[in-house]
Amino acid sequence: MVWKIYFQQSGGLTGIDNNISIDSDLLVPEEASELQHLIDEARFFDLPSQPEAPLRGADYLEYKITIETNDNKKYSLNTTDLTMPPNVGPLIRYLRQKAIKEGLR
Amino acid sequence: MKPSSSCCFIIPPDLLYQIIKEGTPEQKEKALRTLEVSESLRTQRSILAGIRGGGPLKVAGHQQKRRIVYDAHHSYDIFSLPGEPKRYEENTQDIGDKDLDNCFHNTGIVYDFYKEVFMRNSMDDNGMAMHSSIHFGVDFDNALWTGNQMVYGDGSDLFLKKGLVASNLTVTAHELTHGVTDYEANLVYRGQPGALNEHMSDVFAIMCDQWFNKHRVDESLWLIGKDMLVEGQALRSLKEPGTSYPSDKQISHMQDYHTGMRIHFSSGIPNKAFYVTCKEIGNNSYSWEKAGKIWYVALRDRLREYSKFQDAADITFEIGGLIFGKGSKEQNAVHKGWEAVGIMPREGPDITKVIGKKRKQDIL
């Protein structure tokens, strides 16, 4: 179902950006399966996009995740550490670490 | 001596503190929650009194530091915070979780710094309890201020080193200062006001570090989050913004500033201005004694929600003249500090009346 994922992270204590795009067709089957599981656990396609910035707080990370499916539909989630639904946490952790590793190459 | 409270509750605060000290874990948690509610209500009453225009309501605050560190147990649920309370002010012995104990001690150092140097009693200057949750999320590479409390991840060893986020004094001082800013200038978290918000957190964090280590201006490395990054020497440098790690984008001059710039990058401009001010006052001086006092009065009494870099330059220049005298070495140092980053402080009206309203004698 999932075709392409775009992940952008900004803000936080450091202010450093982390971005990555992942084409699921290019992943090994085990990793594609893990990613699909994290998306399912997040109930990503049922989540409302949350474009509102927090009214209080500082140094929170901001995330934008866009998923394009193979039937050409696009879903986006804008969220932050302060507004993130907790079940999205593991997916964001996966994408963030993937982005960091990509940046280190 | 136990803290006092002016709120009326069925269980007296003294008894609640006794339970926190000697009760079972369940009893401790329930007593803590009760105290939290009483504190929240007291704050709300104070805020409402201000909004209603009746003048500030004199509410008795706590006179001692009150730290509570919680374990978030790797939850990603910000709404479930603070988590399980693990260490209270009354716990004099380390509990064995290095991050948690370090966070507890560092929070105390920051409190002592504000109390001893600026005569400030916690974030709200009214003895507000300092709540910190550690072990947030899994491999979470961040620390933040929620508007109510500090939150720390563990680091991932990919970006931030594990075990250092909650243990770094400058990080704790940075986050706690966001709380101070919320209660004072309340700078909005975007644009130049947002960069000034970040700047204040960096400035008071580095001063706290220098105060704790008794470092003079030329002895300090002027680094925030030293040795925390897997790649790089620190999160930020006030001395040389933009040089802390290979892709550091912080700037240090207005010629590199553009609208929409990330606040953690543009905050390098006022950071550098503060560093140069301290240098101009003297390599052998202590930052918190002169420049720190000027910046503290600016944060407490003059900067407001939408203040910009030029406002900060004008205000600190004026306050420098007020505290140390017009044309003094200190006021000239402030001018040179801002000039070095491409901002010329302007002469303004006499601000004596403005800051005189608010505990002028406390800080001068």
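Two residues are in contact if their C-beta atoms, placed from the backbone, lie within 7 Å. The exercises below concern a predicted model.

**Exercise 1.** Characterise chain B by its contacts, its secondary structure and its burial.

*Solution.* Begin with the contacts of chain B at a separation of 6 or more: 59% of them join residues 24 or more positions apart. Next, list the secondary structure of chain B, which comprises 12 helices and seven strands. Finally, consider burial: of the 364 residues in chain B, 50% are buried.

**Exercise 2.** Determine how strand β1 of chain B is covered and which strands pair with β1(B).

*Solution.* Strand β1(B) spans residues 67-71, and five of its five residues are buried. Then examine the pairing. With strand β3(B), residues 130-134, β1(B) pairs in the parallel sense over five bridges; there, Tyr70(B) has Ser133(B) as its bridge partner. With strand β2(B), residues 84-87, the pairing of β1(B) is antiparallel and runs over three bridges; in this case Val69(B) stands opposite Arg87(B).

**Exercise 3.** Describe the contact between chains A and B, with attention to the side contributed by chain B.

*Solution.* Count the residues on each side: chain B supplies 25 and chain A supplies 20. On the chain B side, the elements giving two or more residues are β4 (143-145), α4 (169-183) and α6 (263-266). Lastly, classify the residues of chain B that touch chain A: 12 are nonpolar, nine polar and four charged.

Methods. Residues are numbered from 1 along each chain as its sequence is written. Chains are lettered from A and ligands numbered from 1 in the order in which they are written. This is a predicted model: local features need pLDDT of at least 70, side-chain atom pairs count only at pLDDT 80 or more; totals for chains, interfaces and linings use all residues. Helices (H or I, at least four residues) and strands (E, at least two) are DSSP runs, numbered from the N terminus. Ala, Val, Leu, Ile, Met, Phe, Trp, Tyr, Cys and Pro count as nonpolar, Asp, Glu, Lys and Arg as charged, and the others, Gly among them, as polar. A residue is buried if 20 or more other C-beta atoms lie within 10 Å of its own, exposed if 12 or fewer, and partly exposed in between; C-beta atoms are placed from the backbone. Two strands pair if DSSP finds at least two bridges between them.
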